[in-house]
2 protein chains.
Amino acid sequence: MTPSHYNRIILVQRPTGPVDSSTFRQETLPFDLKPGDGQVLIRIQYLSVDPALRMLLDDIKSFTTPTQIGEPVRCIGVGTVVESGKNSPLVPGDIVSGFVGWTEYVVADAEQFTKVVVPDDANIVDALGALGHIGLTAYFGLIDVGKIQAGETLLVSAAAGATGSLVCQLGLAKGAKVYGIAGSQAKCEYLEKTVGVTKAFNYKSPTFHEALAKEIGGFDLFFDNVGGDMLDFALTLMNTHARVVLCGSISEYNSTQLKPLTNHVQLRMKRAKMEGFSLIDYLPRLAEGKQYLAELMKQGKLKQQYHIVNGLENAPKALGMLFTGENKGKLILKVAD
Amino acid sequence: MTPSHYNRIILVQRPTGPVDSSTFRQETLPFDLKPGDGQVLIRIQYLSVDPALRMLLDDIKSFTTPTQIGEPVRCIGVGTVVESGKNSPLVPGDIVSGFVGWTEYVVADAEQFTKVVVPDDANIVDALGALGHIGLTAYFGLIDVGKIQAGETLLVSAAAGATGSLVCQLGLAKGAKVYGIAGSQAKCEYLEKTVGVTKAFNYKSPTFHEALAKEIGGFDLFFDNVGGDMLDFALTLMNTHARVVLCGSISEYNSTQLKPLTNHVQLRMKRAKMEGFSLIDYLPRLAEGKQYLAELMKQGKLKQQYHIVNGLENAPKALGMLFTGENKGKLILKVAD
């Protein structure tokens with residue numbers, strides 16, 4: 001059963017700073033979606049609200065195609081196949097995840113989607129969190145790029161965020177000393193009491209820089225989700241042969257001007273390494289990551305807090321929340337049951 | 001036979017920018033040097049004039065101890081053992097290299113020195129160049145840190161300099177396409193005609209940026225000896241998974257203010273890596289490097305141009321030449337025959 005109409009939210013004009021009311025437009029279209037050869041029609045249930053969405057609103061080359069003007073905002077989501085075209089390996093009823101958009105329904109090539117298998121102790125939203133692209137990003141970034149070792153000092157920025165909180169837990173499971181940076185006292189308490197980090201630091205505190213430096217001395221690995229001034233400061237705290245994993249740069253996605261870095265010379269002084277990465281390079285190894293994450297979750301060592309916002313119409317608001325830090329845990333937009 | 005007096009040049013005060021006449025003082029001392037237990041007395045013949053000397057005039061933590069006020073400027077040199085203390089493994093007549101200073105004679109622990117073995121087709125100054133710390137820096141930086149592969153595009157800054165010209169030759173020997181950046185038309189011609197790089201670019205040319213970008217498109221590996229604006233520009237030319245090896249930063253050693261980097265976000269976009277290194281981490285593997293370099297030299301594929309300045313009293317002038325780019329090839333100070 002499909003409706004007579006469906007809603008979607010399209011990009012009207014590319015923002016030059018934070019998104020506002022002129023960036024998007026919601027539209028209601030007559031339902032004329034029909035899967036072609038190799039395609040499927042998907043009814044969207046949950047959409048992942050990630051900082052990277054903001055990056056995809058700019059017309060720049062990045063890890064994937066940017067959102068086009070007039071098209072629904074590109075994002076990762078989970079939904080159910082309601083109709084399957086000829087030669088599609090998926091069948092109606094299959095729950096799938098993949099790149100979709102801010103829309104209630106979508107027709108796309110079946111091969112772009114992965115069937116979601118939810119373990120007993122998990123929830124369907126985990127496919128967009130701890131067991132999905134977020135968990136996999138944390139896993140490959142920390143284990144494969146960062147090569148965290150037991151006993152090392154791991155520093156994580158935006159540590160109470162979706163990726164950060166999983167990185168902290170993976171680090172703890174590997175036997176690292178884990179220090180988290182977050183933007184409120186409440187987030188720091190969550191990190192220390194629920195996530196179990198060694199210590200958390202509120203970057204809005206006036207004594208943040210001295211307190212962090214004094215406590216950790218230096219780090220072996222910095223997993224950075226923030227960029228900008230946070231990254232520049234962290235570069236002053238590197239141990240010899242330290243590694244910096246550039247995962248995200250949430251402080252900069254809304255800026256038109258790039259924040260300069262001045263402490264990169266420390267990379268030479270400390271014979272240290274700074275490396276950018278994207279999950280896109282790990283597609284052939286996703287199964288390995290999923291298995292590891294599911295096992296850790298089964299052992300009770302991997303938990304993700306979800307912050308669910310209801311209704312497609314609230315997608316722009318949800319995106320904005322990421323940049324003010326209002327969300328508590330991984331932001332998910334619930335489009336339908 | 002030792003003289004009644006000897007000369008040395010000491011650091012009088014730490015410079016805040018380029019060195020000047022108030023930075024150093026030459027002094028003549030009565031000869032009272034006597035090697036103690038495990039020590040040797042060395043008569044200095046050649047001193048290596050390297051950009052890193054400038055860094056060692058600042059009181060900062062780096063790869064080795066900075067020069068102390070009142071002490072001869074620390075540098076690497078080659079000399080002959082004239083007297084050997086008890087329990088020293090070296091004997092008079094041994095030619096050795098190691099950290100010495102701007103002085104005609106020095107007494108130091110024998111274990112800090114390496115016996116120089118000059119292959120048939122090499123010269124004693126090669127121990128301070130292609131077969132010494134310069135060649136080894138080029139070798140480990142390019143092969144071990146940079147992991148250059150045949151067919152890749154290698155970009156080298158200060159390519160006509162001591163390290164740069166060896167990096168170019170090692171890259172060519174590995175089958176890379178090698179592009180050099182230098183500061184004059186004459187240096188570019190030397191790179192193209194003598195060193196044999198694919199193409200060289202004069203960074204003082206008004207069309208430098210566009211010409212380089214157009215010619216190479218993007219690089220797989222950038223071996224940077226310059227830092228500052230050159231590094232920032234290069235970050236806009238990275239191929240996906242590019243590597244940047246931070247070897248030196250000659251544009252910045254004389255500055256009191258650090259040059260900001262703005263294009264480091266490209267590291268994330270391109271899933272690229274920027275890594276600092278120092279030869280100090282490769283001490284256990286020097287023999288491997290020396291063997292490789294000597295073999296390449298034997299095959300005629302590794303040549304170093306030397307620029308010899310005569311007389312200890314000209315050491316400050318020689319150091320200055322590095323920063324104006326006046327030198328043609330590896331700068332060596334000849335103290336004695």
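Between which two elements of chain B is Lys147(B) found? In this predicted model, Lys147(B) is found in the loop that joins α2 (133-145) and β8 (153-156) of chain B. In chain A, Lys147(A) likewise sits in the loop between α2 (133-145) and β8 (153-156).

**The backbone at Lys147**

Lys147(A) is not a glycine, although its phi is positive, at about 50°. For Lys147(B), phi is also positive and near 50°, in a residue other than glycine. The table sets out the exposure of each residue.

| Residue | Relative accessible area | Class |
|---|---|---|
| Lys147(A) | 49% | partly exposed |
| Lys147(B) | 47% | partly exposed |

Lys147(B) counts as partly exposed because its relative accessible area of 47% lies between the limits of 20% and 50%.

**The relation of the two chains**

The same surface serves both copies, since 100% of the contact residues of chain A recur in chain B.

**The nonpolar cores**

The largest nonpolar core has 48 residues. Within this core, the residues with the most contacts are Phe219(A), Met274(A), Phe219(B) and Met274(B). Beyond its neighbours within four places in sequence, Met274(B) is in contact with residues of chain A, including His264(A), Leu267(A) and Met274(A). Its contacts in chain B include Leu231(B), Leu235(B), Val244(B) and Leu261(B). A second, separate core has 41 residues, among them Leu154(A), Cys188(A), Leu221(A) and Leu302(A).

Notes: Residues numbered from 1 in each chain as written. Chains lettered and ligands numbered in written order. Predicted model: local features only at pLDDT ≥ 70, side-chain atom pairs only at ≥ 80, totals over all residues. Heavy atoms only, no water. Helix = DSSP H or I, 4+ residues; strand = E, 2+ residues; numbered from the N terminus. Buried < 20%, exposed > 50% of the residue type's maximum accessible area, 1.4 Å probe, protein only. Core = buried A, V, L, I, M, F, W, Y, C linked by side-chain atoms within 4.5 Å. Contact = heavy atoms within 4.5 Å.
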